[in-house]
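Colleague: I would like to go through this model with you. Could we take the helices, then the aromatic rings, then a few single residues?

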Amino acid sequence: MKRLLLSVFGILALAIATLTPAFAQSKGTVYYLVPTLLDEFQTGSVSALELFLKQVGYEMKTLNADNKTDAQQSQMNDVIALKPKAIILAAVDFNALKPSVEAARAAGIPVVEFDRQITATPSDFTSVAGTVEIGHIAADQAQALLKAKNGSVKGKVLQVLGDPGDPYTLDIQKGFEEKMKAFPDVKIISLPAMQWEASNAGTIVADQMLANPDIDLIFSHAAHLSVAAVASLEAAGKKPGDVMLMSSNGAPVGLDLIRKGWLNVEVEQPLYAQAAAVAMFMDKVVSKQEIKPGDYDVLGLKSVVTKEAWGPNIKIPGAAITKENVDNPAFWGNLKPPTNTVKSVE
C-alpha cells in the first residue's frame with residue numbers, strides 16, 4: 001500500500017513540477033504541517049500547496065506528523081522559533097492543537113487552517129471543503145442506490161468514519177445523517193477507523209459482514225478505507241456489485257475502484273481548489289489585512305468566504321463521481337493538476 005501511494009505521489013509531483021511556471025522573487029517561507037502522508041489526499045495536498053504558493057511568491061517547507069499529536073505539537077514549537085511568514089496547519093487533533101495555534105499567533109505568526117477546521121480558537125484563515133455538504137451529497141447518492149436496489153429508500157448502511165479527532169469526518173457524518181433521518185427504514189451502523197488506518201477499516205467491514213450479512217451499502221469517509229473494505233469483501237467471497245460502496249474524498253484509488261466496478265460513488269473533496277484558495281489569500285494573511293466575506297471564484301468553483309467566530313473561512317463545494325463521469329480531468333484523483341495560474345486577491 002505504501003509503495004503504491006509513494007508511486008502515485010511521485011507521478012503527481014512530477015506532473016505538477018512539469019506544469020509549474022516561472023516564479024516571482026520569494027516573499028518568504030511558509031511551513032505546512034501535514035498530519036500524515038499515508039493517504040493520497042495528504043500527499044497531493046503537499047504538491048498542490050507548493051505549486052500554488054510558488055505562483056504567488058512563497059516558498060513552502062513541509063513537516064509530517066505521522067498522525068501523532070505530540071509530534072505535531074512539537075513541530076509547532078519548532079516552527080514558531082523559526083518565525084516563518086505563516087504556518088499552514090492540518091491538525092492531527094483539532095482540540096489538542098488549539099494551544100499551539102494560540103502560541104503561534106501570540107508570537108505574531110499567522111496560522112492558516114487547511115482542510116481541518118479548528119473552531120475553538122481564532123485563526124487567520126481557514127480553507128475547507130463543504131464537508132457537511134459532502135455528507136448531504138453522499139446521502140442523496142445513498143438514497144438513489146438503496147431505492148434502485150430495494151424499490152424504496154430502505155436497508156442497512158455501514159458507515160466507516162475516519163478518526164473522530166478529525167472534524168472532517170464528523171462533519172460528513174453530520175451531513176449524511178441529517179439527510180438520512182427522513183428515511184426511518186434505513187438503519188445506519190457507524191464505526192470509526194481510528195487514525196484513518198485502512199487496516200482498521202478492513203477489520204470493521206470484515207466483522208460487520210459477519211454480524212450483519214444483510215448490509216446493502218458501505219460508506220467510507222475516504223477512498224483508501226474503501227480499498228481495505230474491498231479486500232475484506234473479497235476475502236468473504238464477494239464480487240463487485242454484491243455490496244454497494246461509496247467513499248468521500250475523490251482519491252485515485254477510489255476512481256480505480258469505480259472503473260473496476262466495486263465502488264458506486266466517490267464524493268470528491270476539491271483538493272486543488274482548497275490549496276489554491278490558501279495561495280490566493282496568503283498575501284492578506286501575511287500582511288494581516290482584512291479578508292472580506294463574499295463569493296470568490298477558485299479554479300472555476302464558486303466558493304464562499306464567511307466571517308466566523310474562528311476567523312475568515314472559505315468553503316468549497318465537492319461533487320459526486322460515478323462511472324459516467326469518472327474520467328473527467330477536473331477531478332484531482334485523475335492526477336491532472338490545473339494549468340491555470342492563481343493570483344493573489346487584491
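Colleague: Which residues are buried in α8?

Modeller: This is a predicted model, in which local features need pLDDT of at least 70, side-chain atom pairs count only at pLDDT 80 or more, and totals for chains, interfaces and linings use all residues. Residues are numbered from 1 along each chain as its sequence is written, and side-chain values use heavy atoms, with hydrogens and water left out. In α8, the buried residues are A223, H224, L225, S226, A228, A229, V230, S232 and L233. Buried means under 20% relative accessible area, exposed over 50%, and partly exposed in between, with a 1.4 Å probe and protein chains only. Helices (H or I, at least four residues) and strands (E, at least two) are DSSP runs, numbered from the N terminus.

Colleague: What covers the buried residues of α8?

Modeller: The cover includes the strands β6 (155-161), β8 (217-220), β9 (244-247) and β10 (265-268), together with the helices α7 and α9 (252-259). Contact here means heavy atoms within 4.5 Å.

Colleague: What span should helix α8 have?

Modeller: Helix α8 (residues 223-235) has 13 residues and should span 18 Å at 1.5 Å a residue; its end C-alpha atoms are 19 Å apart, which agrees. The expected span is 1.5 Å times one less than the number of residues. Just after α8, G237 takes a positive phi of about 85°.

Colleague: Now α5 and α6. At roughly what angle do their axes cross?

Modeller: The axes of helix α5 (residues 131-150) and α6 cross at roughly 45° and come within 7 Å. That makes α5 oblique to α6; angles under 35 degrees count as roughly parallel, over 145 as roughly antiparallel, 65 to 115 as roughly perpendicular and the rest as oblique. Axes are lines fitted to C-alpha atoms, for helices over the stretch in contact, and angles run from 0 to 180 degrees between N-to-C directions.

Colleague: Which residues make the contact?

Modeller: On α5 they include T131, I134, H136 and L146, and on α6 they include Y168, I172, F176 and M180.

Colleague: On to the rings. How many aromatic pairs are there?

Modeller: The count comes to 6 aromatic pairs. Rings of Phe, Tyr and Trp (its six-membered ring) pair if their centres lie within 6.5 Å; planes under 30 degrees apart count as stacked, over 60 as edge-to-face and the rest as tilted. The rings of F125 and F281 have centres 4.9 Å apart and planes at 35°, so this pair is tilted.

Colleague: Where do F125 and F281 lie?

Modeller: F125 is in strand β5 (residues 125-129) and F281 in helix α10 (residues 271-287), so the pair ties together parts that are 156 residues apart in sequence. F125 is buried, at a relative accessible area of 0%, and F281 is buried at 0% relative accessibility. F125, F281 and Y296 form one aromatic cluster.

Colleague: And are Y168 and W196 buried or exposed?

Modeller: Both Y168 and W196 are buried. They form a tilted aromatic pair, 6.0 Å centre to centre with 45° between the planes.

Colleague: Last topic: what is the phi of K83?

Modeller: The phi of K83 is near 50°, a positive value in a residue other than glycine. K83 lies in the loop between α3 (69-82) and β3 (86-89) and counts as exposed, at 62% relative accessibility. L335 is not a glycine and has a positive phi of about 55°, but L335 is buried, with a relative accessible area of 18%.
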